[in-house]
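Please read this briefing beside the sequence and the structure. It goes through a single residue, then sheets, cores, domains and a chain contact.

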Amino acid sequence: MKSQPVRFYQVGSFAVGNRLVDKEERTVQSDASRSNALDSGHRACQGCGEALGARYALDAAMRATGGQLIAVNATGCLEVFSTPYPETSWQVAWLHSLFGNAPAVATGVAAALKVKGKRDVRVVAQAGDGGTVDIGFGCLSGMFERNDDVLFICYDNEAYMNTGVQRSGATPPAARTATTEAIGSEPGNSFGQGKDLPRLAMAHGIAYVATATVADLHDLEAKVERAMEFHGARYLHILVPCPLGWGSAPCDTILMARLAHETGLFPVFEAEYGVVTAVSSIRRYTPVESYLSMQGRYAHLFGEGGRPDIVARIQAIADRNISTFGLLQESVVGVGPETGSQ
Amino acid sequence: MRRQIEGSRAVAETVALCRPEVICAYPISPQTHIIEALGAIVKSGQLSPCEFINVESEFAAMSVSIGASATGARAYTATASQGLLFMIEAVYNAAGLGLPIVMTLANRAIGAPINIWNDHSDAMAARDAGWIQLFAETNQEAADLHIQAFRLAEDLSLPVMVCMDGFILTHAVESVDMPEQMDVDAFLPPYEPRQLLDPNDPVSIGAMVGPEAFEEVRYLSYLRQLDALERIPVLAGEFAASFGRASGGLLHCYRTEDAETIVVALGSVLGTIKDAADALRATGQRVGVLGITSFRPFPHDAVRDALSGARRVVVVEKAFSVGFGGVLSTDVAMATHDADLSLRTVIAGLGGRAITQRSIESMLADAIDGRLEALTFLDLDQGIIERERARMAGTKRSGPTAENVLRDLGTVASRIG
Amino acid sequence: MKKLPFAITLEVGSSHANRTGSWRVERPVYVDRVPPCNNACPAGENIQHWLYDAEPGDYETAWRRLVEDNPLPAVMGRICYHPCETACNRAQLDEAVGINAIERFLGDLAIERGWTLPLAGIATGKQVLVIGGGPSGLSAAYHLRRLGHEVRLVDSAPKLGGMMRYGIPAYRLPRAVLDAEVERIVALGIDVELNHTVSDVERERREGGFDAVFLAVGAQLSRRVEIPAGDSSHILDAVSLLHRVAENDPPLLGRRVAVYGGGDTALDAARTARRLGATDAVIIYRRSRERMPAHADELEEAIVEGVTVRWLSTVSRVEDNRIMLEKMRLNEEGFPEPTGVFEALDADVLVLAVGQDTDLSLLEEESDIAIKDGVVEVSPAMMASPKGIFAGGDAVPSERTATVAIGHGKRAALGIDAYLAGHDLVDPPRGELATFAHLNTWYYADAPRTHRPELEVARRQGTFDEIVGGLTEATALFEARRCLSCGNCFGCDNCFGVCPDNAVIKFGEWEKYEFNYDFCKGCGICARECPCGAIAMIPEQT
């Protein structure tokens, strides 16, 4: 007797899967027959958030498209650790572009598919934060403006990791990198105004823009699936912690992503045609210190010679995000055996 | 059918007959008429199915072409000068991946100083990228070479660049015998890729290759260029059979069989040089002209054979390697290194400076009389040079050279202020 | 083999040649840790496992796993003090899982559906005498029958049940429920003899030809205290009171009832008195509330029902219609001291509930059985005498709850089984305890506990109807699913999903998971993100 009079699944909303949940409601990752777009044998560091995020995103895209997917990949960690001759760990059709032109190459792929009449084959372009926010920005903006049928995914680990952890336009304030060392009166990266790519993408008026992290798989998969419901330019920005560059323990990668969300430092939201449509509320609010203190790239802010003033400034950024996006709204649905739907 | 037609238009219409599936357009003088014409052809529905994409930079233009070609579409773009440099990373990439993209290069000088007129410095900047580079002498040849280029590229899985002199050819209205669609279709079958992005048969294209295999990959691309040396004349022969005229091939020889002095050049200047040669022949000088069509791969053997009977060779070229000397002449010297002849390099036409028949005749007279130095710049204004050198020697802050020269020449802009 | 450009283009699957497992310095392993509920249950139930069985709605499987260890779930779901819930790790997250309520649900469902206990085992030819038909004796009889031994169960009362029937009032444990579960045990083929008091174990054993004996005689004697009293003063003991109420022959108590003592029996007596019509039911206890041995829940229920308490008071004298109390105070060691201050309490009767003793007269002939502090000393296998006499329940040193007694019964059955086979009882090694620190509680959905409905106070008086209702199926299922599955995998797929190297293998529709050590880099994300702490990282052997 497998009837389920109660829609409460222990961990069904949060964990990858659960034996109590109907198969259709489980994540792609919980399925033993998932496509494993990025398979074993790649050379990513232990605990690499980008390797995890890439598999999450592409497996979801593979399911959404029935396996009819082509991926274009910019130069960076993801490309380098996945395709060193003679080994590739990609199980999807995959093309390495250059560093700054993944969006443009993907445009070409999409154009060719259109000409060939292959309407059901979809295109994903992917790059790190450097390849998206800095060197790839021109091509990205062009792709957005033309509304080419490409889902662009940025895996944001907040620096140029593959070349040895140098600062990018996405590096957060005060973070140590090899080109913004933790020395002097302003240790680490300077406090600039940042480069909010998701909102820049929204400003292009494209159909779908969303942010996500590797800590919330259900949310990430839903967003990939939602993105694939649209045709035209779409943008997905995924926070993927890098244990090496962030100086965090390899086992803490998902925890780091979770804390980035729960502090408010990385707002998770969805937007359509330039307007925010949904926000992922903070479940267990955490002050930024808990997040920063677990990372070596912020070590100079703590302990002897620490900088509580900088921590306070970072807290202010988090507070502003919480206020701007309304991240601390209470969940409306109460949980119980009759009403609960978790 | 024979028509009076602007060179750019002839190229555009011929390219359209080749049924490209993805055309990338980013404007730069003097290529603009080509992409404008193609844009109209696509938008009117005359060429279909075809995606005409207005890209945001030349880098994007080559990148989009790469993506399209890797997905099995016949891809085309055009550029010049600065634009070629802006896309250079992708140019090398396309060759390295072996994607049969065809690109028109409307040869133009490279700044600084910025200059929109013709010379060959842009093509020379990309000569080591692994592309096949074909130089058109006339607008007819420019159009014809594009048809051969698509076939050549797809046969060999190599990208091909068709070079035509900016403004001189692109904006000149000449009589061109425009081919028919069915003849082009017969010559150029649909594109069948060597490798393909296909979800039903996935592969990873563009791996990182380390020291253990990189040399072999590069050598294989070298071998393919050697294959091209064989293929080009074969295709030219097929073209001649199909279309009834000689176009393309590795090189064109004009009155070289018994020539004592042979002039070597690329592109449209060959017309003027042939007129000069005829004039000298009339005075009893045995002068011949060698026009090289396939600059890359460089046809060493064919060049050596063509020049084997000459005593002196003068290479007239529209580019030079700063700090070194001639570019084409170096290649020619390599081809003829064990031949007993004297080689002279004449740099001419930089930045669009007109090359006159009289100047060529005068230069050839000097060459025949043994007065021509190893390296000379044709029609150089020595006065300007001396004045600028003196200025630079006199004051540290002598000002930008280009502006000083323009002031010397008394051009309009420099008179203001 | 495709004709692809050399080196530039690579075939799918080529990365499998790169066995990144060689990078590891530590590796993940699946572990089974002992959940705190299992660890705390005196009856040794595999609580986590039967909760796991119940979660998809497979209640019969859950019940069958439960009765592997404890044949009285409907009873225990009402009267057990649930140390499992006290130990439950969920209490540190929001509230403990309502294990007791779910056990009751399963027990009641089994009765409703007529599920029968597992059959008796293949006959061994051995015969065991069980003296005492309370929870300990019934449990022992059940397990002995399952092990294949023949059992004669004797009890001095007219009905089986022991303190469950004669000590615990019906409003806590309805008789119908008790009867159903007792009958089910007897139906395994137990030879029951009621109204039979054993006065000499040795003789009883010899005459019956029993190969072993289990003493489960309980502590049925009310302890006496010397209290000066008048001739006509009315003094009862709580054990007798409750026993007579259970036999539907309640004594006349009067309007004002005083109960002397601080244990659960005192509370039962006071609450029973209220139901029998007493307007005042006052408990007199010599120490303070914090020191009271009765369970806090019971006290709260009693107070809700109008029972009052005189703390720090002793009875110095009983008179006709009143009791003289002396006030006490606690000294530094926490022991009560008389203050010399007295007060009078109007009362029609004083019920003594100052402790219970075991009647061990039947052991007078046994020379090698040690008795200390009024109870029988036993080995860890519940053996009292190497001649095959075992003991359990209130008759041995214990916490004196029914659950403990049931646990003793099972253990004694195993001990007897080993003894009859000629060897010692060997316990399997125990794993590591699953503590709250092992868990990653983020993954558990927010879910406050559901509580059982209770009869309103006004309705409780005057009737012995059951006070606490049971959970519905929806609420029981919800409650079961609140279990965190501490220390044991429950198939959440997290490890399978969070590995960046796809180095966890999932076999089909969750049979089990396995680590692919060819590719596991030992990053430890799986261990960190396992909600229930079922993965440990151990150093790689070099």
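**One residue in chain C**

Beyond its neighbours within four places in sequence, C:Met163 is in contact with C:Ile168, C:Ala219, C:Gln220, C:Val239 and C:Gln356. The model shown here is predicted. The points below start from this residue and then turn to other parts of the structure.

- C:Met163 belongs to helix H8 of chain C, which covers residues 163–166.
- Between C:Met163 and C:Val239 there are 76 residues of separation in sequence, while their C-alpha atoms are 9.1 Å apart in space.
- The relative accessibility of C:Met163 is 22%, so this residue counts as partly exposed. Buried would require a value under 20%, and exposed a value over 50%.

**A sheet in chain C**

- In chain C, 3 strands make up an open sheet with antiparallel pairing, in the order E12-E13-E14.
- Its edge strands are E12 (313–318) and E14 (336–346) of chain C, each of which pairs on one side only.
- From one strand to the next, the twist averages 30 degrees.
- Strand E13 of chain C (residues 322–330) is joined to E14(C) by 8 bridges, and the two run antiparallel.
- C:Met324 has C:Ala344 as its bridge partner in E14(C).

**A sheet in chain B**

- Chain B has an open sheet of 6 strands in the order E10-E12-E11-E14-E15-E16, and its pairing is mixed.
- Strands E10 (251–254) and E16 (375–377) of chain B each have a single partner strand, so one side of each is left without a neighbour in the sheet.
- Neighbouring strands of this sheet are turned by 20 degrees against each other on average, direction ignored.
- Strand E15 of chain B (residues 342–347) runs parallel to E16(B), and 3 bridges join the two.
- The bridge partner of B:Thr345 in E16(B) is B:Leu375.
- Helix H12 of chain B (residues 328–335) lies across strands E11 (261–265), E12 (287–292), E14 (312–317) and E15 of chain B, and runs at about 150 degrees to E14(B).

**Nonpolar cores**

- In soluble globular proteins, nonpolar side chains tend to be buried together.
- The largest nonpolar core has 151 residues, and the ones that touch the most other members are A:Tyr235, B:Met62, B:Tyr76 and B:Trp131.
- Helix H3 of chain A (residues 102–115) gives the most to this core, namely 10 residues.
- At least three residues of this core come from each of domain 1 (2–243) and domain 2 (251–377) of chain B.
- Not counting residues up to four places away in sequence, B:Met62 touches B:Thr77, B:Met87, B:Ala90, B:Val91, B:Ala94, B:Ile101, B:Met103 and B:Trp131.
- Another core, of 85 residues, lies apart from it and includes C:Val182, C:Val217, C:Phe390 and C:Ala480.

**Domains of chain B**

- Chain B is assigned domain 1 (2–243), domain 2 (251–377) and domain 3 (382–417).
- The C-alpha centres of domain 1 and domain 2 of chain B are 27 Å apart.
- Domain 1 of chain B brings 26 residues to the contact and domain 2 of chain B brings 23 residues.
- About 1,900 Å² is buried between domain 1 and domain 2 of chain B, and carbon and sulfur atoms give 59% of this area.

**Chain B against chain C**

- The contact involves 16 residues of chain B and 10 residues of chain C.
- Chain B and chain C bury about 1,100 Å² between them, with 67% given by carbon and sulfur atoms.
- Of the area that chain B buries against chain C, 34% is supplied by B:Arg194, B:Val203 and B:Ser204, more than by any other three residues.

How values were computed. Residues numbered from 1 in each chain as written. Chains lettered and ligands numbered in written order. Predicted model: local features only at pLDDT ≥ 70, side-chain atom pairs only at ≥ 80, totals over all residues. Heavy atoms only, no water. Pairing = 2+ DSSP bridges. Helix = DSSP H or I, 4+ residues; strand = E, 2+ residues; numbered from the N terminus. Axes fitted to C-alpha atoms, helices over the stretch in contact; angles between N-to-C directions. Contact = heavy atoms within 4.5 Å. Core = buried A, V, L, I, M, F, W, Y, C linked by side-chain atoms within 4.5 Å. Buried < 20%, exposed > 50% of the residue type's maximum accessible area, 1.4 Å probe, protein only. Domains from an automatic or database assignment. Buried area = accessible area lost by both parts, 1.4 Å probe.
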